[in-house]
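Please look over the sequence and structure before reading on.

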Amino acid sequence: MGIIEKMRLDGKKGFVTGGARGIGKATATAFAEAGADIAIVDIDLETAEQTAKEIAELTGRKVIAVKCDVTVESDVQAMVDTVVNELGGLDFCHANAGICINEAAETMTYEQWLRNINVNLNSVFLTDTIAGRYMLAHGGGSIINTASMSAHIVNVPQPQCAYNASKAGVIQLTKSLAVEWAKRGVRVNSISPGYIGTDLTLSSETLKPLIAQWNAMAPMGRLGTPEELQAVCVYLAGDAAGFTTGSDFIVDGAFTCF
Ligand code: NAD
């Protein structure tokens with residue numbers, strides 16, 4: 001079998017959290033284009049349903065929408081059960097839902113800190129371990145977590161200490177699970193995108209005015225697109241990545257190189 005065929009995901013089943021829009025929508029589309037059946041998992045069910053319909057029409061794959069708040073353990077368990085029942089199994093998942101709270105450390109409330117850590121890091125523990133338990137008991141699988149270049153650098157000029165700490169935690173959680181499950185067929189990797197043009201950046205009153213400054217600092221002089229994260233995620237989801245576990249893939253147009 002050639003490498004392109006090995007990278008296909010025909011017959012596989014997976015889910016993407018935060019899949020209704022942005023990066024998650026792009027990776028869900030790519031997984032379905034590569035042949036997988038997919039669940040679009042999001043707290044925003046209406047948008048998730050629209051996205052599922054769009055991807056199903058585009059690819060001809062089975063695509064379902066599942067409402068889930070990834071910070072609530074019972075929601076995540078119910079979501080994984082629904083995916084397994086409705087798609088007929090679970091081979092891979094992309095734990096991608098996240099938020100960014102921009103607040104200086106000295107004025108950040110503990111509630112804001114906890115919210116950012118809860119949505120970005122604690123949710124990844126829940127998603128990975130609940131999906132992982134199923135995969136460990138059913139022949140293995142692949143888990144992809146969305147970290148960020150903010151796990152590697154401190155972004156400027158916007159203050160975001162909780163976000164940066166949450167994403168650094170995602171990488172170390174990824175590596176820890178990868179080692180624990182390495183001999184049992186479950187691979188765990190993360191992606192660390194640079195600035196990507198999504199609602200998180202383009203529609204944020206705080207962040208949108210900073211885009212020109214970020215572009216001035218960026219070697220490529222521009223934001224990335226969600227589509228520029230698709231190939232690495234399709235690779236990680238499938239069997240071509242059999243020896244790839246515990247790795248973090250920085251896709252940032254060289255932003256963190258200096
Ligand atoms: P986005 O805001 O466009 O999409 C995030 C999605 O997550 C939304 O559909 C939202 O409804 C969903 N979501 C939020 N909280 C949720 C919850 N509690 N339960 C379930 N779903 C929830 O953001 P995006 O830019 O596509 O970001 C996706 C991921 O990529 C995030 O983890 C983000 O931190 C990370 N990231 C983004 C950038 C960027 O520049 N856009 C860069 C690096 C990393």
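## Lining of the largest pocket

The lining of the largest pocket divides by class into 20 nonpolar, 20 polar and 7 charged residues. The model is a predicted one. In total 47 residues line this pocket, and its space comes to about 950 Å³.

Arg 21, Gly 98, Ile 99, Cys 100 and Leu 200 are the lining residues nearest the centre of the largest pocket. Several elements each give at least two residues to this lining: the helices α2, α5 (110-137), α6 and α7, and the strand β2 (37-42).

## The ligand and its shell

What takes up the space of the largest pocket? The ligand does. Elements that give two or more residues to the shell around the ligand are α2 (22-33), α6 (161-181) and α7 (199-202). Of these, α7 supplies the largest share, with 3 residues.

The shell holds 27 residues, and those that come nearest to the ligand are Arg 21, Asp 42, Tyr 163, Ile 196 and Thr 198. By class, the shell around the ligand has 13 nonpolar, 9 polar and 5 charged residues.

A polar backbone atom of Ile 43 is 3.3 Å from a nitrogen atom of the ligand. For Val 70, a backbone N or O atom and a nitrogen atom of the ligand are 3.0 Å apart.

How much space lies in the second largest pocket? About 210 Å³. Its lining is made up of 18 residues, and Leu 223, Gly 224, Val 251, Asp 252 and Gly 253 lie nearest its centre. This lining consists of 10 nonpolar, 5 polar and 3 charged residues.

## Two points of backbone geometry

Which peptide bond is cis? The bond from Val 156 to Pro 157 is, with omega near 5°. Pro 157 belongs to the loop that runs between β5 (141-146) and α6.

Ala 254 has a phi near 75°, which is a positive value in a residue other than glycine. Ala 254 is located in the segment that comes after β7 (248-251).

Conventions. Residues numbered from 1 in each chain as written. Predicted model: local features only at pLDDT ≥ 70, side-chain atom pairs only at ≥ 80, totals over all residues. Heavy atoms only, no water. Near = heavy atom within 4 Å. Polar contact = N/O pair within 3.5 Å; in protein donor to acceptor, adjacent residues only side chain to side chain. 1 Å grid on protein atoms, 1.4 Å probe; cavity = no way out; pocket = protein on both sides within 12 Å on 5 of 7 lines; lining within 4 Å. Sits in = over half its atoms within 2 Å of the grid points. Helix = DSSP H or I, 4+ residues; strand = E, 2+ residues; numbered from the N terminus. Nonpolar A, V, L, I, M, F, W, Y, C, P; charged D, E, K, R; others polar. Points joined across faces, edges and corners; volume = space filled by probe spheres on them.
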